[in-house]
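Morning, everyone. I have one chain to show you today. Please take a look at it on the screen.

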Amino acid sequence: MHKVTESKEKEESSLKGSNNVEERKSAKDRLALLLRYKKHAEDNEIEIVQSKKCGCYFCRQVYDARNVQEWIDDERGVTALCPECGMDAVIGDASGIEISKPLMKEMNLAFYGEEFMDENPEAARTYCGRYQDGKIAHKEKSEALYIHYLTTLEDQGDPIASLSLGDFYFYGSEFTEKDYSKALIHYSHRSLFANPKALCGLGLCYLDRMEDERDSARAYIAFSKAAALGSMEAVYHLADCYEHGYFVAPDYSFAYQLIETAYNEALNLFAVERMNWFDYPELAYRMAHFYEKGIGVERNEEAALKYYLLTELSSSLRTTFMGFDKDPKMLSNAQAAIEELGKKHKLIKNPMVYDVDTFEDSLVAQGITQEERTLANVTWNEETNELEFDIVYPLPTLIVDIGNLTAGFVTGTVHWSLKDVANYKLSGESHFTRISGNYDDGFAFSYQNEEGELISIFEIYFRPDRKEENR
């Protein structure tokens, strides 16, 4: 009896093993088939154009092939991007594959399931990057995937994922409310121990919480560490601490010094190198605020207007380049200040006028070497004391006209007309990289030679007896 039972068990075990082999072979064959299908999602422009129906095995959607409007051209060829999720996982029925939601689901599990994403972090990074760039529609479902993939990457020690999660919860979204507690957890991730952006995020979380939960000491320490690591953002948050007395005694003079130093550096990046949209508006706004209120510097409403105009311009550009308004309240405050100060000084917005006021106000990069520019068509009317000339700007240059409440980047040739000119000197050269001086002492156009010397090509002197109203 025992031998019969043992024989039967061996037979059943043998049959079971046979079934497992068959199942594994079948699963392997099926995966091989899906891999062949997957190849139709690459370099598929012709197939998609010839198709009537398409499916995406990332978001599992099936739709009319005419909905596909975007493509990516890379080493693989021209590849379709899904109109629903923005991923390059689109297959058309012109491939000979019968497109259906069950098939898209099966392929999704095979190539984008949790196991696959865990083993292929680059796929998760690609999705997250496209979501952040706005190439994937921001829907509740796609946002949930975004958070899931970021969390997966964070668990693998990816610092960019931790920082992105911190920012996500700090700012919130249309589907998720801001949550400083969650933001703190991600900004505090071990991979971000010495990351200046994460330290700034920590500091803001400590400050932006409710008054009774604010932790000024930790905020100050976080900003100080980030500033020591070279963060420009940390410097203006540190200045806020000294202005408002967060953890330290208020020191308006030091707060202004911090902002002024950082502003000059940020200005070079913004006006000359066309970089750093993130920090420059914040610094311009604080400069305007300090001058308007006389905080740490002598009160000067004209200077305040200049910095408010630059805040409005740079903040609008930041929104364009970053895809969202980092601080809508700051922009609206700057615009309200422009309106209020404009009324007070009887100024209204008008097209830019290229006169001596605009010329002086636009020396925003004074002392900083810029790209080479060209001087041309210099004429002087001795009877009217009016000097006219052209400057050819090969790259957009930052121009500010306080009198007409206007600021913007201008390129090409600008015709300048300056009144009350007493005299001028003009060399035979026309190219320069620097303008220095002021309305009282005059202006000098120059360039730096190979020995490091400043060579002047054009100097302008104004009448000492000119009337103040001419300004």
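What share of the 471 residues of the chain counts as buried? The figure is 44%. Keep in mind that this is a predicted model.

Overall dimensions next. The radius of gyration of the chain is 32 Å, whereas a compact globule of 471 residues would come in near 23 Å. Along the principal axes, the C-alpha trace spans about 125 × 60 × 50 Å. For secondary structure, we have 16 helices and 13 strands. Now the contacts. Take those between residues at least 6 apart in sequence: 60% of them join residues at least 24 apart.

Let me turn to one helix pair. Helix 9 covers residues 196–208, and helix 10 covers residues 216–228. Their axes are 8 Å apart, and the packing angle is about 160 degrees. Angles over 145 degrees count as roughly antiparallel, so helix 9 runs roughly antiparallel to helix 10. The crossing of the two is left-handed.

Which residues of helix 9 and helix 10 make the contact? From helix 9, we have P196, L199, C200, L202, G203, L204, Y206 and L207. Helix 10 brings in S216, R218, A219, A222, F223, K225 and A226. Sort that contact by class, and you get eleven nonpolar residues, two polar and two charged.

You will find H289 in helix 13, residues 280–293. Leave out residues up to four places away in sequence, and H289 touches E243, I295 and Y308. Y307 is 18 residues from H289 along the chain, yet their C-alpha atoms are separated by 8.5 Å.

Last topic: backbone angles. Most residues other than glycine have a negative phi. Here are two residues with a positive one.

N377 is in strand 6, residues 373–381. Phi of N377 is near 55 degrees, and N377 is not a glycine. L405 is not a glycine either, and its phi is positive at about 50 degrees. L405 sits in the loop between strand 7, residues 386–401, and strand 8, residues 406–418.

Are these two buried or exposed? N377 has 54% relative accessibility, so N377 counts as exposed. The cut-off for exposed is over 50%. L405 has a relative accessible area of 4%, so L405 is buried. For buried, the cut-off is under 20%.

That's my tour. Questions, please.

How values were computed:
Residues numbered from 1 in each chain as written. Predicted model: local features only at pLDDT ≥ 70, side-chain atom pairs only at ≥ 80, totals over all residues. Heavy atoms only, no water. Axes fitted to C-alpha atoms, helices over the stretch in contact; angles between N-to-C directions. Helix = DSSP H or I, 4+ residues; strand = E, 2+ residues; numbered from the N terminus. Parallel < 35°, antiparallel > 145°, perpendicular 65-115°, else oblique. Left-handed = near helix turned anticlockwise from the far one by under 90°. Contact = heavy atoms within 4.5 Å. Nonpolar A, V, L, I, M, F, W, Y, C, P; charged D, E, K, R; others polar. Rg over C-alpha atoms; globule rule 2.2 N^0.38 Å. Buried < 20%, exposed > 50% of the residue type's maximum accessible area, 1.4 Å probe, protein only.
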